[in-house]
Amino acid sequence: MTEGRSGRRAGRRAGRTAADGPAAGRPHKDELLGLTADRVCRLAYDAGTEALAALPPAAPWQDRVATQTSALRLSIKEHPGGAQLLAESAGTLSTGALSLRERLLRTLLDAGLPAGHCAVADTLLSHVTGFVLQEQNQADDDRR
């Protein structure tokens with residue numbers, strides 16, 4: 001190491017930035033959280049697909065909606081912090097989240113919901129996520 005004109009030590013690493021440090025080349029934390037949230041959504045989608053397949057072909061739309069939202073709830077609950085992840089990544093349009101939304105929306109449109117009321121699908125998904133978040137927070141409070 002040498003001492004420069006400013007009196008600060010300068011070494012071989014002087015020209016390096018934080019991006020060159022140990023985290024260089026790794027995805028950012030937000031990206032990792034987004035990928036994890038997407039994975040939870042994909043698992044929920046798969047669980048919903050399985051649950052929908054178990055319904056009779058003539059099942060009413062209400063049963064189809066309940067089946068999808070129940071599968072989402074159970075999938076989120078299986079992942080500690082899953083509801084928090086989904087709540088914090090709500091603005092991220094991951095393929096998993098879009099798949100959940102599109103299938104639920106298709107169910108509602110097939111039931112006769114006017115296209116102008118499409119926000120209902122988002123409202124239902126947000127409600128389920130919020131409910132699980134409350135459940136998980138309550139469980140944390142009960143443990144304290």
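This is a predicted model: local features need pLDDT of at least 70, side-chain atom pairs count only at pLDDT 80 or more; totals for chains, interfaces and linings use all residues.
Residues are numbered from 1 along each chain as its sequence is written, and side-chain values use heavy atoms, with hydrogens and water left out. Local features need pLDDT of at least 70 and side-chain atom pairs count only at pLDDT 80 or more, while totals for chains, interfaces and linings use all residues.

**Exercise 1. The overall plan**

Find which elements make up the chain, and in what order they run.

Solution. Start with the elements, taken as DSSP runs numbered from the N terminus: helices are H or I with at least four residues, strands are E with at least two. The chain has five helices and two strands. Next, read from the N terminus: the order is β-β-α-α-α-α-α. Then turn to burial, where buried means under 20% relative accessible area, exposed over 50% and partly exposed in between, with a 1.4 Å probe and protein chains only. Of the 144 residues, 27% count as buried. Finally, look at contacts, meaning heavy atoms within 4.5 Å. Among contacts with a separation of 6 or more, 69% join residues 24 or more positions apart.

**Exercise 2. A pair of helices**

Describe how helix α2 and helix α5 pack.

Solution. Two packed helices are described by the angle between their axes and the distance between the axes. Here, axes are lines fitted to C-alpha atoms, for helices over the stretch in contact, and angles run from 0 to 180 degrees between N-to-C directions. Helix α2 (residues 61-77) and helix α5 (residues 119-143) meet at about 35 degrees, and their axes are 10 Å apart. Now pick out the residues: α2 brings Val-65, Thr-69, Leu-72, Arg-73, Ile-76 and Lys-77, and the partners from α5 include Leu-124, Leu-125, Val-128 and Phe-131. To sort the residues, count Ala, Val, Leu, Ile, Met, Phe, Trp, Tyr, Cys and Pro as nonpolar, Asp, Glu, Lys and Arg as charged, and the others, Gly among them, as polar. By class, this contact has eight nonpolar, three polar and three charged residues.

**Exercise 3. The cavity and Leu-104**

Work out which residues line the largest cavity, and then look at the surroundings of Leu-104.

Solution. On a 1 Å grid over the protein atoms alone, a cavity is a set of points where a 1.4 Å probe fits but cannot get out, and lining residues have an atom within 4 Å of a point. Grid points are joined across faces, edges and corners, and a volume is the space filled by probe spheres set on the points. A search of the whole structure gives one cavity of 30 Å³ or more, and the largest cavity holds about 30 Å³ of space. Its lining is Gln-68, Leu-100, Arg-103, Leu-104 and Leu-125. Helix α4 (residues 95-110) supplies the largest share, three residues. One of the lining residues is Leu-104, which lies in helix α4. Leu-104 is buried because its relative accessible area is 1%. Leaving aside neighbours within four places in sequence, Leu-104 is in contact with Val-65, Gln-68, Ala-121, Leu-124 and Leu-125.

**Exercise 4. Two more residues**

Solution. Not counting residues up to four places away in sequence, Thr-67 touches Ala-51, Leu-52 and Leu-55. Beyond neighbours within four places in sequence, Ala-97 is in contact with Asp-38 and Cys-41.

Definitions and conventions: On a 1 Å grid over the protein atoms alone, a cavity is a set of points where a 1.4 Å probe fits but cannot get out, and a pocket is an open set with protein on both sides within 12 Å along at least five of seven lines; lining residues have an atom within 4 Å of a point.
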